[in-house]
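Hi,

Here is the structure I promised to send over. Have a look at it first, and then read my notes below.

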Amino acid sequence: MGDIVIAYRIEIKGLVQGVGFRPFIYRIALHNNILGWVENNNEGVSVHAEGTELQIDGFIQDINCKAPLAASISSLIKAKVKSEHFTDFSIKKSASYSQTITEVSPDIAVCDDCLHDLLTQHHRLGYSFVNCTNCGPRFTIIQALPYDRHQTTMQPFEMCAVCKGEYENILDRRFHAQPIACNHCGPVYSIAKGDLLYNTEEIPAFIASEIQAGKIIALKGMGGYHFMCDAENEQAVITLRNRKQREKKPFAVMCKNLQTVEKRFEVSEQEKKSLVSWRRPIVLLRNKKPFAASVSMQLNTTGILLPSMPMHYQIFDFLTTDAIVFTSGNVTDEPVCIDDSIALNELSNIADIVVTYNREIHNRVDDSVMMIVNKKERMLRRSKGFVPTPIPSILNTEGIFAAGAELTNTFALGKGSQVIFSQHIGDLKNAETMEFYEESVDRFSTLFRFQNQFVACDLHPDYLSSNYARSLGLPTLEIQHHHAHIASCMAEHGLSEKVIGFAFDGTGYGDDGTIWGGEVFVCDFAGYERKFHFDPVPLPGGDQVTKYPWRTALSYLYKYFNELVLYTELPFLASIEKKEIVLLTQMIDAKMNCPLSSGAGRLFDAVAALTGICTTSSYHAESPMQLESIIASDCKGKYLYHIENKIIVFYKMFHQIVNDIQNNTPVSIISAKFHNTLIALILDLSKNIRKETNINKVVLSGGTFQNRYLLGLTEQLLMIEGFEVYSHEKVPSNDGGIALGQMAIASAFRQSATSTGFYGR
Ligand code: ZN
Ligand code: ZN
Ligand code: FE
């Protein structure tokens, strides 16, 4: 009985294309004596399997247990079909027969086997584009689905006979590896010096010697160019800063290996795991023995990543330094460069040497950035290695386009129960970035066969993403910024019930026309109640204040102190002319260009300025980062605040801080007490709202929760108080995660629109 041949059709969905899944199926089919075929299609992978009950059981078990590293199976459905009496097992040519899609693999760091081949395989000796079914470029080179070589930027490279042999040999690790290449047939690096281009087999050695000599290199990477220089060479790092016009924003550093990382940083097991994962993100680590001072500019953390492309390893082989600055290769504020002629013409003004290669990057991606807090990965920038892996949704998102915010923009497309997130796009106010945004929306729509039916965007009247969304001429839902923040975190965790939401960030358009950003909501996807919010202060000069935190500090003091003389004596105003101070107070009195803001980011600005930590800011979120960096973590003290008619008033805190400053209290203590005040406030208000509403779920979102101290302690203390706490892991808590919240709110709205047609407060 057991040897009766039966047949099954097996449909596998998930991340199963471009990750060596078909060859994997082929091999386990042979191993289990299964006959039939496997094919890629738009919906995933289909298998026709014939064998005995026992063989098929073993086969399916192997599919689930032995799948390739980068694969992830979201569903496996099997149905009995008629046996067609196959005599072998084959990989069928890709079919393209449906409008639904499967996943596209993110790019995968080079695997150990390939690094070994680079030293041993005669046709790949020193070959910098070595890859196999387990590693190599994916999303960055893909132009259309299904994932086949002719639909990638590998198309112009014709396989040589040897590669073709491997590509067609089922027992080879490169069987059906679409970007397969070798020294004879694949892409090559070249070095450009001025107008002169030349090839050399000694490129890694040359790059290494130039880095060692203190030069700046622009190197074409997987998803765009990078600038590199010796992280131990202060002069080189300063030169890069000057030429890139990047005054103080910290640089990421690529370390040779984990040993280097362990020597220089405090690194936990989880941090190590994230660093070595095939996604190769930048991980924020606490400094132990820092590199050149200008790398992290007084911050106590550095963004660290490990090599991911063969070329990175090859360069380190020749270097004596074991850490190189590794930062996006772009012209100030523009998206990371992927265009070789721009690299040669413009990046060459910053770099001494431009190293390029002759394969096109189709999809631009920056490096992803994350931090580990309370042993969990927290995405800060979701790009290379993660995009375009979808995020599952509990709501039907089909046909919804979420336009995102304006700073650190990402957008999202809804496909059924999945949300396809774009890579990090950047600040849309830059014209080139806006162009990148529109181009990426088009590319994603084509690649994933997305039919736009419904649009979600930020309520802001002037966000470029909102204007773009409104111009599409489709039904559009405008969503309050901080509601989208909380909804984003809810969606990430599959919550749809009412929650207590703390949305703390720099700025977002409030539904009363003022700037919000210190918001305490009770909300679900359908709407929000603004339970409490930070005391609004006038921002003299509007947006200007983000560059000049001292102005916000002045505004708080003007609000909370009566006598001008009291605070004009404070050290942080010593370098500001009295005239200017008086002028600003007059502006505030006249309500002239002084929009009101309840933003948490502005509160951090004010405290950072007041304590002299950061009176002027040279990059986004500098003052909160500086403040966090100096916290005396053993200090348990805090300041006082009070509530006046739903408003969280910091009158007492500012008086106490001024007192501390006048008593020469160390700024590390002031910073700790300030952070502890916010944590206490979250705890108090959570308890307060729970008492009133019985809601026990607390959601934390907004850019302010990128603060490791604030997020870590708040979570721990809320849990001690019995709250269920939700914070971001998969998408950023900053505006890079907004699109997910917009998507969730729009999905819920569309589902209920026929009954209520209402969104908002
Ligand atoms: Zn490999
Ligand atoms: Zn070849
Ligand atoms: Fe925000």
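A quick definition before the metals: donors here are N, O and S atoms within 2.8 Å of the metal (3.2 Å for Na, K and Ca), and water is not among the atoms, so sites may look incomplete. This is a predicted model, where local features need pLDDT of at least 70, side-chain atom pairs count only at pLDDT 80 or more, and totals for chains, interfaces and linings use all residues. Residues are numbered from 1 along each chain as its sequence is written, chains are lettered from A and ligands numbered from 1 in the order in which they are written, and side-chain values use heavy atoms, with hydrogens and water left out.

**The zinc ions**

The zinc ion (ligand 1) is held by Cys-111 (SG), Cys-114 (SG), Cys-132 (SG) and Cys-135 (SG) at 2.3 Å, with the spacing C-x2-C-x17-C-x2-C. Cys-114 sits in helix H3 (residues 112–120) and Cys-132 in the loop between H3 and helix H4 (161–168), so this pair ties together parts that are 18 residues apart in sequence. (Helices, H or I with at least four residues, and strands, E with at least two, are DSSP runs numbered from the N terminus.) The donor angles around ligand 1 are 102 to 119 degrees, which makes the arrangement tetrahedral.

**The iron ion**

The iron ion (ligand 3) has His-481 (NE2), His-485 (NE2), Asp-505 (OD) and Asp-735 (OD) as protein donors, 1.9 to 2.2 Å away. Their spacing is H-x3-H-x19-D-x229-D. Asp-505 belongs to strand S24 (residues 499–509) and Asp-735 to the loop between strand S32 (724–726) and helix H23 (738–752), so the two tie together parts that are 230 residues apart in sequence. What arrangement do the four donor atoms around the iron ion make? Their angles span 88 to 161 degrees, which makes it irregular.

**A helix pair**

H5 (residues 203–212) packs on H10 (residues 310–318) at about 60 degrees, with the axes 8 Å apart (axes are lines fitted to C-alpha atoms, for helices over the stretch in contact, and angles run from 0 to 180 degrees between N-to-C directions). On the H5 side, the contact (heavy atoms within 4.5 Å) includes Ile-203, Pro-204 and Ile-207, and on the H10 side Met-311 and Phe-318 are among the residues.

Most residues other than glycine have a negative phi, and most peptide bonds are trans. Here the bond from Leu-145 to Pro-146 is cis, with omega near -5 degrees, and Pro-146 is in the loop between H3 and H4. Another cis bond joins Val-387 and Pro-388, with omega about 10 degrees. Met-297 is not a glycine but has a positive phi of about 45 degrees; this residue lies in the loop between helix H9 (293–296) and strand S13 (301–305).

Cheers

Definitions and conventions: Four donors count as tetrahedral if all angles lie between 85 and 135 degrees; four count as square planar and six as octahedral if opposite donors are over 155 degrees apart and all others between 65 and 115; anything else is irregular.
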